[in-house]
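Work through the exercises below with the sequence and the model open beside you. Try each task before you read its solution.

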Amino acid sequence: MLLDPGMDLTLRPMKYPHFFDRFKDAIKNTWTVEEVDLHGDLADLALLSDAEKHLVSRLVAFFATGDTIVANNLVLNLYQHVNSPEGRLYLSRQLFEEAVHVQFYLNLLDTYVPDDKERAEAFAAVDNIPSIARKAEFCFKWIDSVFELRALRSREDRRAFLLNVICFAACIEGLFFYGAFAYVYFLRSRGVLQGLASGTNWVFRDESMHMAFAFDVVDQVRAEEPELFDAGMEQQVRDMLAEAVECEVQFAEDLLEQGVSGLSLSDMRQYLQHVADRRLAALGIDPIYGSTNPFAFMELQDVQELSNFFERRVSAYQVGVSGTVSFDDDF
Ligand SMILES: [Fe+2]
Ligand SMILES: [Fe+2]
């Protein structure tokens with residue numbers, strides 16, 4: 001079984017070909033940081049209101065370390081316990097993508113925050129800015145919960161590992177990052193920071209696939225060991241999502257504390273609740289909030305940009321993508 005301790009090396013016959021398909025699909029999405037031009041954003045930054053500048057400075061401070069935390073968990077936990085060579089191929093690819101994201105956000109901070117002292121403060125946000133520190137503590141709590149596990153021998157070990165996987169996919173990549181993307185797309189809908197938005201689209205696409213793979217892992221384990229998914233486990237997932245929403249609402253209160261025209265705290269809260277419900281639905285768990293998506297700019301622009309992405313890639317690099325591309329309903 002997928003979570004049995006060990007290091008399976010057998011690619012033929014392949015036990016989990018859908019993991020290998022995910023690996024091949026991810027390679028079609030290759031992009032590099034050099035392809036994103038952020039310098040055009042500098043003129044926009046100078047014209048933002050003080051409230052909008054505060055929003056952007058908090059946002060980049062979150063981006064400064066967010067992907068590094070995800071990459072660490074990938075190596076320390078997922079790679080260790082997902083016992084499938086084809087699954088580990090995908091995780092290797094994901095690790096590369098997280099490294100590209102880290103480089104993208106490093107480039108973003110170097111460009112947006114030229115002052116050395118301010119830039120150092122942004123990288124120290126996980127210690128110094130309470131709304132970001134709280135999100136980091138949430139991540140570390142769920143890394144620490146499996147830190148001692150070298151092999152998943154008991155049901156409790158496996159449940160603890162599954163909660164870690166679900167936390168990083170549904171709450172961190174699937175909620176904290178989606179919350180951050182919403183601010184970027186809001187700004188783009190106002191006609192500013194197009195460079196950041198174009199890079200974000202590629203990160204968004206990657207994160208959607210990271211989440212989809214993690215949910216594949218959860219589904220596979222559920223098929224193999226259904227007894228792990230009892231009512232207590234479901235309640236733990238719901239509590240975890242609710243806590244993640246609280247963390248992200250606190251971050252929104254911080255970002256929007258000076259009042260950003262066109263983006264209200266209540267809409268942001270509703271959006272986060274909507275996203276949390278979708279993550280629960282993807283896991284086959286009843287929703288908590290019943291909230292609808294208040295942000296039209298999250299639905300329309302992503303699909304548009306995504307098709308541009310593929311058109312450009314296909315014509316420029318002959319990457320083998322064909323057919324219609326749109327976001328899966330889950331995203
Ligand atoms: Fe990432
Ligand atoms: Fe990711």
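Donors are N, O and S atoms within 2.8 Å of the metal (3.2 Å for Na, K and Ca); water is not among the atoms, so sites may look incomplete. This is a predicted model: local features need pLDDT of at least 70, side-chain atom pairs count only at pLDDT 80 or more, and totals for chains, interfaces and linings use all residues. Residues are numbered from 1 along each chain as its sequence is written, chains are lettered from A and ligands numbered from 1 in the order in which they are written, and side-chain values use heavy atoms, with hydrogens and water left out.

**Exercise 1. The iron pair**

Task: Find how far apart the iron ion (ligand 1) and the iron ion (ligand 2) are, and which residue coordinates both.

Solution. 
- Step 1. The two iron ions, ligand 1 and ligand 2, are 3.3 Å apart.
- Step 2. Glu98 coordinates both of them.

**Exercise 2. The site of ligand 1**

Task: List the protein donors of the iron ion (ligand 1), then name the geometry of its site.

Solution. 
- Step 1. The donors are Asp67 (OD), Glu98 (OE), His101 (ND1) and Glu207 (OE), at 1.9 to 2.2 Å from the iron ion (ligand 1).
- Step 2. Learn the rule. Four donors count as tetrahedral if all angles lie between 85 and 135 degrees; four count as square planar and six as octahedral if opposite donors are over 155 degrees apart and all others between 65 and 115; anything else is irregular.
- Step 3. Apply it. The angles among the four donor atoms of ligand 1 are 96 to 132°, and the site is tetrahedral.
- Step 4. Read the spacing along the chain: D-x30-E-x2-H-x105-E.
- Step 5. Distant parts of the chain are linked here: Asp67 is in helix 3 and Glu207 in helix 9, 140 residues apart. Helices are DSSP runs (H or I, at least four residues), numbered from the N terminus.

**Exercise 3. The site of ligand 2**

Task: Explain why the arrangement around the iron ion (ligand 2) is called irregular.

Solution. 
- Step 1. Four residues coordinate the iron ion (ligand 2): Glu98 (OE), Glu173 (OE), Glu207 (OE) and His210 (ND1), at 1.9 to 2.1 Å.
- Step 2. Their donor atoms subtend angles of 91 to 159°, so the arrangement is irregular.
- Step 3. Along the chain, the donors of ligand 2 are spaced E-x74-E-x33-E-x2-H.
- Step 4. Glu173 is in helix 8 (residues 155-189) and Glu207 in helix 9 (residues 194-224), so this pair ties together parts 34 residues apart in sequence.
- Step 5. Both Glu173 and Glu207 are buried. Buried means under 20% relative accessible area, exposed over 50%, partly exposed in between (1.4 Å probe, protein chains only).

**Exercise 4. Annotated positions**

Task: Say which residues UniProt lists for "binding site" and which residue its "active site" annotation covers. Then describe their surroundings.

Solution. 
- Step 1. The unreviewed UniProt entry lists Asp67 and His101 for "binding site". They span 35 residues in sequence, yet no two of their C-alpha atoms are more than 6.6 Å apart, so they gather at one spot. UniProt positions are given in the numbering used here, feature names are shortened, and annotations may be inferred rather than shown by experiment.
- Step 2. Asp67 is buried, at 1% relative accessible area. His101 lies in helix 4 and is buried too, at 0%.
- Step 3. The "active site" annotation, also from an unreviewed entry, covers Tyr105. Tyr105 is in helix 4 (residues 85-112). At 1% relative accessibility, Tyr105 is buried.
- Step 4. Beyond neighbours within four places in sequence, Tyr105 is in contact (heavy atoms within 4.5 Å) with Phe63, Asp67, Phe181 and Val203.

**Exercise 5. Helix 3**

Task: Check the span of helix 3, then find where helix 3 bends.

Solution. 
- Step 1. The expected span is 1.5 Å times one less than the number of residues.
- Step 2. Helix 3 (residues 50-81) has 32 residues, so it should span 46 Å; its end C-alpha atoms are 46 Å apart, which agrees.
- Step 3. Helix 3 bends by about 40° at Leu74. The bend is the angle between axes fitted to the seven residues ending at a residue and the seven starting there.

Terms used. Helix = DSSP H or I, 4+ residues; strand = E, 2+ residues; numbered from the N terminus.
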